[in-house]
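Here is a friendly walk through one protein chain. Please keep the sequence and the picture side by side as you read.

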Amino acid sequence: MPFCIYNAPIIEIGKKDVEKMLLNEYGIDALFNWNEEKLIELIRQNGERKIGDLLLDQHIFAGIGNILRNEILFRARINPERKVNELNENEMKAIIQHTKELSHAFLKAKLDGRGIKNMLMVYNRKFCPICKTKLKFYRQEPNKRKTFYCENCQK
Ligand SMILES: [Zn+2]
């Protein structure tokens with residue numbers, strides 16, 4: 001059923017409905033009770049894949065959408081083309097930490113009736129908010145999704 005938060009008073013919208021909407025719109029699953037060690041293990045099992053591609057894998061990240069994927073990698077300062085087995089422990093933890101924080105922040109913005117647009121640092125942006133360099137934009141293989149990253153800040 002189509003559901004639009006902007007057409008209804010927030011008070012009538014249950015948290016469950018908003019979560020469902022977030023999942024449909026942004027691919028955000030309520031990753032709220034996840035097991036971090038299990039997740040790292042799953043990621044490590046896919047060492048040959050690019051991290052930017054793996055983040056879209058529904059079997060592992062249970063529904064991170066494309067917007068979130070771009071924002072997570074920017075905040076973790078990781079180039080989407082890096083292979084999983086090239087990531088060190090701290091980089092892995094940074095990805096997981098930002099995934100958690102951003103999922104919550106997106107959800108909260110929606111619950112508060114705000115959009116997420118102001119929270120986006122690279123998605124559909126032209127310049128890096130940190131170093132002001134022009135962002136790279138392309139469609140990543142093999143997923144062909146819109147990919148934005150800063151060559152300067154993301155290694
Ligand atoms: Zn930058």
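The report below goes from the overall layout to the helices, the core and the hairpin.

**Getting oriented**

You are looking at a predicted model, in which local features need pLDDT of at least 70 and side-chain atom pairs count only at pLDDT 80 or more, while totals for chains, interfaces and linings use all residues. Residues are numbered from 1 along each chain as its sequence is written.

The chain has six helices and two strands. Both kinds of element are DSSP runs numbered from the N terminus: helices are H or I with at least four residues, and strands are E with at least two. Reading from the N terminus, the order is α-α-α-α-α-α-β-β.

Of the chain's 155 residues, 25% count as buried. A residue is buried if 20 or more other C-beta atoms lie within 10 Å of its own, exposed if 12 or fewer, and partly exposed in between, with C-beta atoms placed from the backbone. Two residues are in contact if these C-beta atoms lie within 7 Å. Among contacts between residues at least 6 apart in sequence, 62% join residues at least 24 apart.

**A covered helix and its partner**

Helix α5 is mostly covered, with eight of its 10 residues buried. Among them are Ile67, Leu68, Ile72 and Phe74.

The axes of α5 and α6 come within 9 Å and cross at roughly 130 degrees. Therefore α5 is oblique to α6. Axes here are lines fitted to C-alpha atoms, for helices over the stretch in contact, and angles run from 0 to 180 degrees between N-to-C directions. Angles under 35 degrees count as roughly parallel, over 145 as roughly antiparallel, 65 to 115 as roughly perpendicular, and the rest as oblique. On the α5 side, the contact is made by Leu68, Glu71, Ile72 and Arg75, and on the α6 side by Ile95, His98, Thr99, Leu102 and Phe106.

**The nonpolar core**

Which residues touch the most other members of the largest nonpolar core? They are Ile72 and Tyr149, in a core of 24 residues. Such a core is a set of buried Ala, Val, Leu, Ile, Met, Phe, Trp, Tyr and Cys residues joined through C-beta atoms within 7 Å. At least two residues each come from α3 (51-54), α5 (66-75), α6 (89-111) and β2. Five residues, the largest share, belong to α5. In soluble globular proteins, nonpolar side chains tend to be buried together.

**The hairpin**

Strands β1 and β2 run antiparallel and are joined by five bridges; strands pair if DSSP finds at least two bridges between them. They form a hairpin with four residues between them, and lysine 144 in the turn has a positive phi of about 65 degrees. Two facing pairs are listed here.

| Residue in β1 (residues 136-140) | Facing residue in β2 (residues 145-149) |
|---|---|
| Lysine 136 | Tyrosine 149 |
| Phenylalanine 137 | Phenylalanine 148 |

**An exposed residue**

Is glutamate 41 buried or exposed? Glutamate 41 counts as exposed because it has 10 C-beta neighbours inside 10 Å. This residue sits in helix α2 (residues 36-44).
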